[in-house]
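Welcome, and please open your viewer. We will go through the model stop by stop, selecting a few things at a time.

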Amino acid sequence: MNASDTPVVGIVGGTGPQGRGLALRLGAAGVPVWLGSRDVARAEEAAATLAAELGDRAGSRAPTGVDNAAAASAPTVFLSVPYSAHAAVLRELAPVLAGRLVVDVVVPLQPPPNLGVVVPAAGGSAAEEAQALLPQSRVVGAFHNVSARLLLRLGADPECDVLVTGDDEAAKAAVIALTELIGLRGLDAGPLANSRVVEGLTAVLLGLNKRYATRHAGIRITRIGDGGRP
Ligand SMILES: NC(=O)c1ccc[n+]([C@@H]2O[C@H](COP(=O)([O-])OP(=O)(O)OC[C@H]3O[C@@H](n4cnc5c(N)ncnc54)[C@H](OP(=O)(O)O)[C@@H]3O)[C@@H](O)[C@H]2O)c1
């Protein structure tokens, strides 16, 4: 895949660090992005800041600020809201999201000081809850373990893999291709039910950050592509 044949990517909740980080990386790769918010002025402001950062970078494309409903009308839609708002946002946008590829980056987390302790979602994982609320969408889980701060530093290599979960193989392959387009390795991490572990790993990483005085602990899978050699 190259950016010129990549369809528009919408980001619901695009004004937060994770949404802006994804928009920046996608924009840098030349992918058209509709950055969404509940407040279109806030979305426009975030998009303008990212556009300034992209400047005249070769091959880049500045994101457009829109409201969440417009972002949800893109062929591929990232969900990047707090878990506390996840179900309500999905219920509201379900009619617009029907038929779309939905990439859920949402992680259920406990408030500090328990950020580093895994909290299971009632429906197994946020991604499975999204699929249950969006029966007419193809939901894929991805980017749960990638630090927004690193995504937002264009020059930084996040030095991590992106574990991609989903029950629709074509949808998962499309998200892996998008991941590689922004320079990260996307790995097929199995069915959507595996999001329980992948989302849970984020709490583990946040705990590691605290215990080992870093801000950017990440996941990297070893020995992929070694052909099974001993
Ligand atoms: N930050 C990270 O490093 C990171 C890494 C991996 C995964 N994640 C996950 O990615 C998601 C987004 O992370 P974030 O740090 O960007 O989150 P955030 O800043 O807390 O929220 C993102 C955006 O969601 C919107 N929002 C907030 N409350 C809402 C509500 N009640 N209803 C609807 N929209 C609401 C806000 O946009 P508007 O006010 O403009 O509408 C906000 O800018 C979270 O689920 C997080 O767990 C984050």
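Before the first selection, one word to learn: a residue is called buried when its relative accessible area is under 20%, exposed when it is over 50%, and partly exposed in between (1.4 Å probe, protein chains only). A second pair of words, helix and strand, refers to DSSP runs numbered from the N terminus: helices are H or I with at least four residues, strands are E with at least two.

This is a predicted model, in which local features need pLDDT of at least 70, side-chain atom pairs count only at pLDDT 80 or more, and totals for chains, interfaces and linings use all residues. Residues are numbered from 1 along each chain as its sequence is written, and side-chain values use heavy atoms, with hydrogens and water left out.

**Stop 1: the whole protein**

Show everything as a cartoon. Along the principal axes, the C-alpha atoms fill a box of roughly 45 × 40 × 35 Å. Why does the radius of gyration agree with that of a compact globule? With 230 residues, such a globule would come out near 17 Å, and the protein has 17 Å. That radius is taken over C-alpha atoms, and the globule rule is 2.2 Å times the number of residues to the power 0.38.

Of the 230 residues, 50% are buried.

Among contacts between residues at least 6 apart in sequence, 73% join residues at least 24 apart.

**Stop 2: helix H1**

Select residues 17-28, which form helix H1. H1 has 12 residues and reaches 16 Å from its first C-alpha to its last, close to the 16 Å expected at 1.5 Å a residue. The expected span is 1.5 Å times one less than the number of residues.

Is H1 mostly covered or mostly open? Mostly covered: 10 of its 12 residues are buried. Colour them to see which: Gln-18, Gly-19, Gly-21, Leu-22, Ala-23, Leu-24, Arg-25, Leu-26, Gly-27 and Ala-28. Next, show what these buried residues pack against, including strand S1 (9-12), strand S2 (33-37), helix H2 (40-54) and helix H7 (169-181). Just after H1, click on Gly-30, which takes a positive phi of about 90 degrees.

**Stop 3**

Step back to Thr-15, in the loop between S1 and H1. At 24% relative accessibility, Thr-15 counts as partly exposed. Draw a line from Thr-15 to Leu-35: they are 20 residues apart in sequence, and their C-alpha atoms are 7.2 Å apart in space. Leaving aside neighbours within four places in sequence, Thr-15 is in contact with several residues, among them Leu-35, Gly-36, Ser-37 and Arg-42.

**Stop 4**

Select Val-103, found in strand S5 (residues 101-104). Its relative accessibility is 0%, so Val-103 counts as buried. The C-alpha atom of Val-77, 26 residues away along the chain, is separated from that of Val-103 by 6.0 Å. Not counting residues up to four places away in sequence, Val-103 touches Thr-76, Val-77, Phe-78, Leu-79, Val-140, Ala-142 and Val-175.

Then move to Thr-179 in helix H7. Thr-179 also counts as buried, at 0% relative accessibility. Find Leu-26 from Stop 2: Thr-179 and Leu-26 are 153 residues apart along the chain, with their C-alpha atoms separated by 8.9 Å. Beyond the neighbours within four places in sequence, Thr-179 is in contact with Phe-143, Val-162, Leu-184, Arg-185 and Gly-186.

**Stop 5: backbone details**

Zoom in on the peptide bond from Pro-112 to Pro-113, which is cis, with omega near 10 degrees. Pro-113 is in the loop between S5 and helix H5 (126-133).

Which phi value does Glu-159 take? Phi is near 50 degrees, a positive value in a residue other than glycine. Glu-159 lies in the loop between H6 and strand S7 (161-166), and at 54% relative accessibility it counts as exposed.

Finish at Arg-223, in the segment after helix H8 (195-211). Phi of Arg-223 is near 65 degrees, again positive in a residue other than glycine, and Arg-223 counts as partly exposed at 45% relative accessibility.

Notes:
Contact = heavy atoms within 4.5 Å.
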